[in-house]
Amino acid sequence: MSWLLLGGAVVSEVVSTLALRVASGGRRSWYALVIVGYALAFALLSGSLQAGMPLGVAYGVWAAAGIVLTALLSRPLFREALTPVMMGGMGLIVAGVLLIELGGAH
């Protein structure tokens with residue numbers, strides 16, 4: 001259950017961040033989605049912690065997945081850059097989170 005809640009937190013955070021990009025471009029009504037989405041993301045993250053997920057794992061996965069998904073989706077949605085160096089950085093972020101998760105397993 002904690003992983004399902006965390007997945008929902010990631011999706012909510014990514015949608016909110018993408019909506020923030022739209023809102024900052026002049027479509028102010030999108031700020032409502034930003035506020036609701038971030039509130040939902042934190043509530044779901046809190047739920048995953050209450051369900052027993054360790055904070056380091058939850059936050060690491062949430063942050064890494066958010067960074068990677070936001071960057072990948074920003075390319076087709078907003079025509080933002082996605083260079084090989086950026087892709088390598090995202091790979092390092094994912095590898096680091098995996099190492100944290102594997103290091104925490106008992």
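Helices here are DSSP runs of H or I of at least four residues, numbered from the N terminus, and the expected span of a helix is 1.5 Å times one less than its number of residues. The model is predicted, so to speak of local features requires pLDDT of at least 70, side-chain atom pairs count only at pLDDT 80 or more, and totals for chains, interfaces and linings use all residues. Residues are numbered from 1 along each chain as its sequence is written, and side-chain values use heavy atoms, leaving out hydrogens and water.

**View 1. Helix α3 from end to end.** Helix α3 covers residues 55-78, 24 residues in all. At 1.5 Å a residue it should span 34 Å, which agrees with the 32 Å between its end C-alpha atoms. Arginine 79 follows α3 and has a positive phi, near 55°.

**View 2. Where α2 meets α3.** Look for Ala41, Phe42, Leu45, Ser48 and Leu49 of α2 meeting Leu55, Ala58 and Trp62 of α3, with contact meaning heavy atoms within 4.5 Å. The residues of this contact comprise 7 nonpolar, 1 polar and no charged; Ala, Val, Leu, Ile, Met, Phe, Trp, Tyr, Cys and Pro count as nonpolar, Asp, Glu, Lys and Arg as charged, and the others, Gly among them, as polar.

**View 3. Glycine 56.** Glycine 56 sits in helix α3.

Notes. Helix = DSSP H or I, 4+ residues; strand = E, 2+ residues; numbered from the N terminus.
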